[in-house]
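Morning, everyone. Please look at the screen and keep the sequence in view while I talk.

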Amino acid sequence: MTASVPDPSVFNSGRDFAAWLGLTPRQISSGGKPTLGTITKAGNRYIRKLLVLGATSLLNVVEKRRGGLRDWIVGLLATKSSVKKPI
């Protein structure tokens, strides 16, 4: 992944980097009401695939983990209604 990403000083913030990767939701506005759509497919497809696979792998083993990372993930999953919640 490091070989594919340009110099980090090119990006002003983490949000700019996420947009470069294509991980930001598409903004749709109609009648002056902006809404966020699905994640765009801009950016490097391979890097996006690696990040999704890594996140999916972590979600599969979160039940076996302990500590702050597990608590943070469980908190995020609690806000999502369509995701299976760990024990």
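Where is the place of Ile39? Ile39 sits in strand S2, residues 33-39. Helices (H or I, at least four residues) and strands (E, at least two) are DSSP runs, numbered from the N terminus.

A word on the source. This is a predicted model: local features need pLDDT of at least 70, side-chain atom pairs count only at pLDDT 80 or more, and totals for chains, interfaces and linings use all residues. Residues are numbered from 1 along each chain as its sequence is written, and side-chain values use heavy atoms, with hydrogens and water left out.

Now the whole chain. The protein chain has three helices and two strands. Along the sequence, the pattern reads α-β-β-α-α. Of its 87 residues, 13% count as buried. Buried means under 20% relative accessible area, exposed means over 50%, and partly exposed is in between (1.4 Å probe, protein chains only).

Next, Arg48. Arg48 is in helix H2, residues 45-61. What is the nearest side chain of opposite charge to Arg48? That is Asp16, 16 Å away. Arg48 is buried, yet has no salt bridge. A salt bridge needs a side-chain nitrogen of Lys or Arg within 4 Å of a carboxyl oxygen of Asp or Glu. For charge, Lys and Arg count as positive and Asp and Glu as negative; His and the chain ends are not counted.

Still, the side chain of Arg48 has a polar atom 3.2 Å from the backbone oxygen of Leu21. Arg48 also touches several residues beyond four places away in sequence, including Gly22, Thr40 and Gly43. Touching, or contact, means heavy atoms within 4.5 Å.

On to Gly43. Gly43 lies in the loop between S2 and H2. Is Gly43 buried or partly exposed? Gly43 counts as partly exposed because its relative accessibility is 47%.

Conventions:
A polar contact is a pair of N or O atoms within 3.5 Å; within protein, one must be able to donate a hydrogen and the other to accept it, and residues adjacent in sequence count only if both atoms are side-chain atoms.
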